[in-house]
Every structure is written in structure tokens, then in C-alpha cells.
Amino acid sequence: MQEEPATRKVTASRDDDAAGQQDHHMAGRPPISMVEQAQKRKDGELWGSHCQACKYDQISPMLRCPKCASKDVVSRQFATTGQVVSYTIQTVAPEQYMNEVPYAFAIIQLDDGPRVSGWIGFINRPSDLPKGQKVAFVSSYKPGMQFEKA
Ligand SMILES: [Zn+2]
């Protein structure tokens, strides 16, 4: 049996933990947790973190702003529409996406929010998904954030 090439291992290099250990007041929880975000996604909403000091938005939970180090971080609802910035077409799917192959794994700039990664089913070739394509978030039971052409 032929094996698929190993996926690139992504090593976390963010210094959130280190920053947290420098400040003992940082033992708290982020303004919105991943569990809460997942619940919001089921309701069709995209939520993340927002730095009130520099207006930086991030979909991943944050305790402290990675841009300006402010701890003035709140949860915020983002737009569910955006534009495709970049993507790759995947023809081999994990079991959850078997019925959508081939699909695009895309970087999407939300209309009001950060750049996020998500996937868009049934993309066969680059002409199926021009860069700048308008897309909209779809609430899905599948892992990751699913978008469709808007
Ligand atoms: Zn900031």
C-alpha cells in the first residue's frame, strides 16, 4: 500500500505561553474559548478576539494581543462573508470531506474580520475559484470552517 506523503508538521512558535508566564495576572481565560466559538459556528456566527488598543482581530483565542501586547482583549463577532485570497486544491480528503472532493483549502479575508482558513467543496480547477471570489461561511457539522461561493 502506497503511503501519502507526510503532512508538514507545524510547530507552534507563538510565545503566548511565555508571555503568560511573565505576567502572573495572565492566568485567566481568553474572552471567548474555542468551545464557545464552535457553538457560535453551529449558530452560523463567526466570533473571535479583538484588541481594543490597536483593533487587531484574531480568530484564535488570545489573552494578550500579539501585535501590541495589550491585555485589553474582548470577544467580537466577525462578518461571515469574505473574499478568497489564496488556496490550494486538495484531491485527497480526510474521511470527513470524502463527499466534497476535490475541495479548496483557502485563506479567506473576512469582510469585517481577520484572515481565516477554511475549505470550499467541489473545486476542480483554478477557474472554479478565481482569486477575490466572494464566499460565505456555511454552518456545518464538519470540522474546520466551511465556505461556499456567494
Ligand atoms: Zn493590539
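Which residues does Ala106 touch, not counting residues up to four places away in sequence? Select Ala106 in this predicted model, then look around: its contacts are Val84, Ser86, Tyr87, Ser117, Gly118, Trp119, Ile120 and Phe147.

**Stop 1**

If you colour by domain instead, you will find at least three core residues in domain 1 (16-78) and at least three in domain 2 (81-149).

**Stop 2: the S5 and S6 hairpin**

Next, select residues 103-110, which are strand S5, and residues 115-120, which are strand S6; they pair in the antiparallel sense over six bridges. To see the two strands face each other, pick Ala104 and look across to Ile120 in S6. Then move to the turn, where four residues lie between the strands and Gly113 takes a positive phi near 155°.

**Stop 3: a cis peptide bond**

Step back to the loop between strand S4 (81-90) and S5, where you will find Pro102. What kind of peptide bond joins Val101 and Pro102? The bond is cis, with omega about -10°.

**Stop 4: Phe122**

Phe122 is not a glycine, yet its phi is positive, at about 60°. Its surroundings hold 14 C-beta neighbours inside 10 Å, so Phe122 counts as partly exposed.

**Stop 5**

Turn to another sheet. Strands of a sheet pair through backbone hydrogen bonds, either parallel or antiparallel. Here three strands make an open sheet in the order S2-S1-S3, with antiparallel pairing. S2 and strand S3 (73-78) are the edge strands, each pairing on one side only. Between S1 and S3, look for six bridges. Which residue in S3 is the bridge partner of Gly48? Select Arg76 to see that partner.

**Stop 5: Lys55**

Finish in the loop between strand S1 (46-51) and strand S2 (57-58), where Lys55 sits. Lys55 has a positive phi of about 70° although it is not a glycine. Is Lys55 buried or exposed? Lys55 is exposed, because 11 other C-beta atoms lie within 10 Å and the cut-off for exposed is 12 or fewer.

Methods. Residues numbered from 1 in each chain as written. Predicted model: local features only at pLDDT ≥ 70, side-chain atom pairs only at ≥ 80, totals over all residues. Pairing = 2+ DSSP bridges. Buried ≥ 20, exposed ≤ 12 C-beta atoms within 10 Å, placed from the backbone. Domains from an automatic or database assignment. Contact = placed C-beta atoms within 7 Å.
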